[in-house]
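Let's take a friendly walk through this structure together.

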Amino acid sequence: MEKATVYFSRTITPEKVLELYKMVDKKLNGNIAIKLHSGEKGNQNFLKPEFWKPVIDHVGGTVVECNTAYDGARNTTERHRKLMADHGWSKYFTVDLLDAEGPDKVLDIPNGKVIKKNYVGKDIENYDSMLVLSHFKGHPMGGYGGAIKQLSIGVASSYGKAYIHGSGQTENIWTSDHTRFLESMADAAASVIEYFNGNIIYVNVMKNMSVDCDCCAVAEDPCIKDIGILVSTDPIAIDQACLDLVSASTDPGRDHLLERINSRNGVHTIEAAADLGYGTREYDLIEID
């Protein structure tokens, strides 16, 4: 597989996100789903609607999210819609909770390492392509959160999230074998890419990087200085580039973030995804001023 192209800028502004997006040699067609993280109630680190507004306005798609599988402000359709309004998403954009109503759509994963099915919100059928807007940061279970997590846990329905976490056994949502959980995320991401036939563009923003995810109501403050914006058509390459940029950082907070990533073996999700063949860990980083 040829090296992937990853565009990168150390300037972090809404306008720079749009500039890098326009550099990608791909056009998203039809109805475009814009997958992002709505931010759990109480979380201080998630990227706000105003930050994403220029690129979303340019693309003209629909902001999509899915309900969570744990207690909080996003675990029912009613609560999640209220939070989307409270956080400003509904003020600026058309918002669609993909799993607002059942039944889930089941995506097959015939070559999955662990899981052979992925449960996603049925409203995914309304879209032809996807823009994945990811806030790169740490994560309590996955080690890090980036493009692959957005494709997997992010697009999965509430039931689907429990299914991935439990490596195919929803009752084991918090107790399944950790390596199998990481591989289940890689499996689930493969099914979403297959569903959209690769018509996806990925943006990772390395800003407000805490060891905790935006799904945490109580999260640590960011521990490392902001690094930049990355855009690619390859979810594996963009996540690998983010890990490499963290490792190369000379900021004093680097080790704290790396400890979170490495203690959860976060890179294994990337390894499993590469084995499945829907991207590559090899990339050319094209830096833009």
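Trp89, Tyr92 and Phe93 are linked by ring pairs into a cluster. This is a predicted model, and the count of aromatic pairs in it comes to 8. A pair of aromatic rings is described by how far apart the centres are and by the angle of the planes. Take Tyr195 and Phe196: their ring centres are 5.1 Å apart and their planes stand at 85°, so this pair is edge-to-face.

The largest nonpolar core has 50 residues, and the ones touching the most other members are Met206, Leu230 and Tyr278. Several elements give two or more residues to this core, among them strand 1 (4-9), strand 7 (129-135), helix 7 (178-195) and strand 10 (200-206). Helix 8 supplies the largest share, 8 residues. To see the surroundings of one member, select Met206: setting aside neighbours within four places in sequence, Met206 is in contact with Ile12, Phe136, Asp226, Ile227, Gly228, Leu230, Cys242, Leu245 and Val246. There is also a second, separate core of 30 residues, which includes Leu20, Leu47, Phe51 and Val203.

Leu20 leads us to helix 1 (residues 14-23), whose buried residues are Pro14, Lys16, Val17, Leu18, Leu20 and Tyr21. What covers them includes strand 1, helix 2 (49-59), strand 7, strand 10 and strand 11 (228-232). Two packed helices are described by the distance between their axes and the angle between them. For helix 1 and helix 2, the axes come within 7 Å and cross at roughly 35°, and the crossing is right-handed. Helix 1 brings Pro14, Val17, Leu18, Tyr21 and Lys22 to the contact, and helix 2 brings Glu50, Phe51, Trp52, Pro54, Val55, His58 and Val59. By type, the residues of this contact divide into 9 nonpolar, 1 polar and 2 charged.

Finally, look at the loop between helix 10 and strand 12 (283-287), where Thr280 lies. Is Thr280 buried or exposed? With a relative accessible area of 9%, Thr280 falls under the 20% cut-off and is therefore buried. Apart from neighbours within four places in sequence, Thr280 is in contact with Met1, Glu2, Lys3, Ala4, Asp234, Ile236 and Ala237.

Note on methods. Residues are numbered from 1 along each chain as its sequence is written. This is a predicted model: local features need pLDDT of at least 70, side-chain atom pairs count only at pLDDT 80 or more; totals for chains, interfaces and linings use all residues. Side-chain values use heavy atoms; hydrogens and water are left out. A nonpolar core is a set of buried Ala, Val, Leu, Ile, Met, Phe, Trp, Tyr and Cys residues joined through side-chain atoms within 4.5 Å. Buried means under 20% relative accessible area, exposed over 50%, partly exposed in between (1.4 Å probe, protein chains only). Helices (H or I, at least four residues) and strands (E, at least two) are DSSP runs, numbered from the N terminus. Contact means heavy atoms within 4.5 Å. Axes are lines fitted to C-alpha atoms, for helices over the stretch in contact, and angles run from 0 to 180 degrees between N-to-C directions. A crossing is left-handed if the near helix is turned anticlockwise from the far one by less than a right angle, and right-handed if clockwise. Ala, Val, Leu, Ile, Met, Phe, Trp, Tyr, Cys and Pro count as nonpolar, Asp, Glu, Lys and Arg as charged, and the others, Gly among them, as polar. Rings of Phe, Tyr and Trp (its six-membered ring) pair if their centres lie within 6.5 Å; planes under 30 degrees apart count as stacked, over 60 as edge-to-face and the rest as tilted.
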